[in-house]
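Me: Got a model open here and a few things to ask about it. Can we start with the pockets?

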Amino acid sequence: METIRRYFKPAKQSFFLLGPRGTGKSTTIKGLYPEALYVDLLLPDVYRAYLARPERLREVVLANKDKNVFILDEIQKVPQLLEVVHSLMEEKKGRQFILTGSSARKLKKTGADLLAGRALMKHMHPFIAAELKNKFNLEKALRLGTLPVVLDSDDPTASLHAYIDLYIREEVQMEGLTRNIGNFARFLEAASFSHGAVLNVSNIARECGVERKTVEGYLHVLEDLLLSFRLPVFTKRAQRVTAQHAKFYFFDTGIYNALRPSGPLDRPEEKAGAALEGLVAQHLRAWIDYLHPESRLFYWRTLAGSEVDFVVYGKDLFHAIEVKHATVIHPKDLNALKAFGQDYPEAKRTILYRGKEKLLKDGIMIQPCADFLVNLG
């Protein structure tokens, strides 16, 4: 695939760039900083050298006085380097450090707070439709997701399964994040049924044959490895009693599809509906990170049962979005957004669907999902 311009905006000061493997962190950073000194900690010999002597980084930086930008790729592999980076930053020599990572777990453990205030926190996501432009295909995205490493592959389906195996083997098993890799694999499959829904931890524990606290630990592993996220409930100025629990999503629709088993008792529309909602979720999340970092993403659900899939809320944004896996929108499909509008008349309201017409009904914009995603940004 030809080079695609990402919506990611770098910072002038030092920064962390976190994102799951295969999202294009290294490719993007190398393109933005072609003259930087680049340290790839995924290379076995480089990894061993810096693990044995983290202070080697100081020697390398001091020896390259013509360099102002230093990239440490997959910094979580040798988190001890953070102390060296902190020391070099303290010297205030005008150097910029870019620290990429695909796991927040080790960085948390070893104190990424060490660089608090000196290094910004940024994120990289799978491609969004606005980046792919005319290469974006909704059906393909629903099936394969939008991970660059998958879309660049000659066999995307095989790449998806290999990607999951890579994470289980390298990030989970080798790092000792769980003692029983079989239980974790069963958990991944069980969790896939909760994509786009509130997790029932007790049910998942029962299906996997493990304790509830084990499942809770697995969920933290997924989030620390940036493979999943949760959406909190929008409760600002609530006029109705709202739900309390967050909704769960895998970070990429292709990963969800690869994990979610299909059998004769499954309804195809259930899986397809969750995939569509997840695709919109990952797009909104990336769009907010790249272009509206002051905003946050929520969902809204009342105890009476009204639910709006997404609420984007920020200084200059207030947008409620409902996603329907249907080609026709019926009057009852507007009910949740109408209820939301009664409580929050300031909000812009949109329904995304699989139809082709753009309509306005009762102050609610009805828009084809593909068009919305391509124009997001």
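Me: How much space lies in the largest pocket?
Reply: About 890 Å³. This is a predicted model, where local features need pLDDT of at least 70 and side-chain atom pairs count only at pLDDT 80 or more, while totals for chains, interfaces and linings use all residues. Residues are numbered from 1 along each chain as its sequence is written, and side-chain values use heavy atoms, with hydrogens and water left out.

Me: What counts as a pocket?
Reply: On a 1 Å grid over the protein atoms alone, a pocket is an open set of points where a 1.4 Å probe fits, with protein on both sides within 12 Å along at least five of seven lines. Lining residues have an atom within 4 Å of a point. Grid points are joined across faces, edges and corners, and the volume is the space filled by probe spheres set on the points.

Me: How does the lining of the largest pocket divide by class?
Reply: Into 20 nonpolar, 5 polar and 9 charged residues. Ala, Val, Leu, Ile, Met, Phe, Trp, Tyr, Cys and Pro count as nonpolar, Asp, Glu, Lys and Arg as charged, and the others, Gly among them, as polar.

Me: What about the second largest pocket, how much space there?
Reply: About 730 Å³. Thr23, Gly24, Lys25, Thr27 and Pro148 lie nearest its centre, out of 34 lining residues. α1 (25–32) supplies the largest share of that lining, 6 residues.

Me: Switching to helices. At what angle do α10 and α12 cross?
Reply: Roughly 75°, with the axes of α10 (residues 181–192) and α12 (residues 212–224) coming within 11 Å. Axes are lines fitted to C-alpha atoms over the stretch in contact, and angles run from 0 to 180 degrees between N-to-C directions. That makes α10 roughly perpendicular to α12, a label for 65 to 115 degrees.

Me: Which residues meet there?
Reply: Asn183, Phe184, Phe187 and Leu188 in α10 meet Val215, Tyr218, Leu219, Val221 and Leu222 in α12, contact being heavy atoms within 4.5 Å. By class, 8 are nonpolar, 1 is polar and none is charged.

Methods: Helices (H or I, at least four residues) and strands (E, at least two) are DSSP runs, numbered from the N terminus. Angles under 35 degrees count as roughly parallel, over 145 as roughly antiparallel, 65 to 115 as roughly perpendicular and the rest as oblique.
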